[in-house]
Structure formats: C-alpha cells, structure tokens
Amino acid sequence: MNIAEQNAEYETTVGKPLLNDPKMSMRGVDVFYGDKQAIFGVDLDIGRNQVIAMIGPSGCGKSTFLRCLNRMNDTIDICRVQGKLMLESQDIYDPSLDVVPLRARVGMVFQKPNPFPKSIYDNVAYGPKVHGLATRRTELDEIVETSLRKAGLWNEVKDRLHGPGTGLSGGQQQRLCIARTIAVSPEVILMDEPCSALDPIATAKVEELIAELSENFTIAIVTHSMQQAARVSHRTAYFHLGKLIEVNETEKVFTNPDHALTEAYITGRFG
Ligand SMILES: Nc1ncnc2c1ncn2[C@@H]1O[C@H](COP(=O)(O)OP(=O)(O)OP(=O)(O)O)[C@@H](O)[C@H]1O
Ligand SMILES: [Mg+2]
C-alpha cells in the first residue's frame, strides 16, 4: 500500500497523519505517568523542512507527546514511553543511544525563556563548545554571530554580547534561546508554546522567525493560539484526551476539518 492508500484506510486518526519520506516517524506511541496513560496509540509523521502545529485543549497531551521526540520525558521518573519513534533511520528509544547528541539533533525551546545565567555570547557558545563544534575562538565567534543573526537578534545585541542573557527583554530572551538551540545545527526544533510569555510584537517576531527557520529546519510547535498555528504551520495535529484525532494541511483543519471534535475546538466550543 502506498501512503495515500494507508492514509485513506486510517481509522483512529482522521486526515493524513502519514507522509512519504518523513523526517520523523512515530508509530503506536503510548505514554504513561505511573499507572495513568496520557497518550494513546499515536501514529504521526513529521515532514522535512515543514512546521507542524500541535493543538488541543489543556491537558490533552501536547507537551507530553512533544517531549517524547527528544526523550525529554526521560527526565520525569514516573514517565514511560512505548512505541516506535524514529528520527530518519535512528530509533530514538534505542537503549544504547546517547541522548546528548540526540538532543543536539532535536533541539527544544520552552514556554518560558530560560537563558543560562551567563553572557549572551556564552549562552549561544555553550552548545557548540560542549559538542565540540568549534576548535578555535574565531570559529566560535562565527557560530555565535550566525546563530544570533538567524534568530533575528544580532543587531539588538551585537554591542552587548558580554552582558548577561537575563538582562534582555522577554522576547529577546526567547530569541536568544532560539539562537542557543540553532547554534548546534539541529535538524528538528521542538517548541512548546514559545510565545505564551511574550507580548504581541515579540510574538510576531518569533513567528516571522519560525517561518524563516522552516526553510532549513523541521519544526514541531505546540500552541494554544489557533491564529498562530494558522500563520506558521503547514500541517496541524489536533489532540484530544491523549488521542491524536486529526492531522491535515493547516488550511484544511481551520476551514473544513474532518472530525467533529476538531471543529468543536476550532470554533471555540471547548478549550
Ligand atoms: N510530570 C507529570 N506527572 C504526572 N502527570 C503528568 C505530568 N505531566 C503531565 N501529566 C499529565 O498528562 C496529561 C497530559 O499533560 P500535558 O502537560 O502533556 O498536556 P498539554 O496538552 O501540554 O496541556 P497544556 O495545554 O495545559 O500545556 C495530563 O493529564 C497531565 O496531568
Ligand atoms: Mg503543555
């Protein structure tokens, strides 16, 4: 069966959760916190150089699912992940896999900007140093500048690179965290409500940035803002009570969803 036929036969999730030649591929993902199951049998592919938005009511499992994608759930003792999760040909849950390089390949930006208590320069230089991406100071300088430029922050901070990262505004701190993430040249960037602590102007800047970054990176973003999902993403995945209900092209999800639950959510009947 080709992908179109597989998608057509799909029963649990409506729409098109599967893709040809995806960047990441998840099958039968279940997640438990102790005895309590939080994610139920999710099958989903994430396309290369695409933005996928994950939406749904609070507590439906968006953050839990996102954290599976770079094994951030490993840091939660009671959390258990089952199923097959692949980054291209790499089994993400292979017990022999070192998670440090995995998290360089699949970086993460959190809800609350969390710069290290270090200078702006050192925030960005930290990852490349740890991962041995630069041997000389000039190389490191170049990575720092390029990353800050890609994050749309260079002009605002170039004269204060050795000032503290925490001295920036919230929106600047979030772009600093994005610069820090892209400094190690990830392939995938996970973002969990990256704009929820930002004002509308800072949000617009980060959204613009996401659009630019998607030319070179694969991005999965969790958001409570349907306008944001509509503006930045190519595909949208709707979660409800731990199940993946629908995945479709973003425009379709917001104009003509296939599932009644998706429609109820996007028209504001719950959330
Ligand atoms: N560390 C944890 N320990 C126990 N249960 C958890 C933990 N984190 C999440 N859960 C539970 O898993 C379920 C999914 O939570 P999750 O945080 O993934 O939802 P979410 O969709 O991201 O919600 P929100 O939109 O509010 O951020 C919820 O029932 C939540 O209570
Ligand atoms: Mg969440």
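An open sheet of 4 strands, ordered 3-2-5-6 with antiparallel pairing, opens this tour of a predicted model. Strand 3 (36-46) and strand 6 (90-91) form its edges, and each has a single partner strand, so one side of each lacks a neighbour in the sheet. Pairing requires at least two DSSP bridges between two strands; helices (H or I, at least four residues) and strands (E, at least two) are DSSP runs numbered from the N terminus. Strand 5 (residues 79-87) runs antiparallel to strand 6, joined to it by 2 bridges.

Residues are numbered from 1 along each chain as its sequence is written, while chains are lettered from A and ligands numbered from 1 in the order in which they are written. As this is a predicted model, local features need pLDDT of at least 70 and side-chain atom pairs count only at pLDDT 80 or more, whereas totals for chains, interfaces and linings use all residues.

Thr203, Val206, Leu209, Ile210 and Leu213 of helix 8 are buried (20 or more other C-beta atoms within 10 Å of the residue's own, C-beta atoms being placed from the backbone). They cover an arc of only 120° around the axis (taken from the directions from the helix axis to the C-beta atoms), which puts them on the same side of helix 8. Pro200, Ile201 and Glu212, on the other side of helix 8, are exposed (12 or fewer such atoms).
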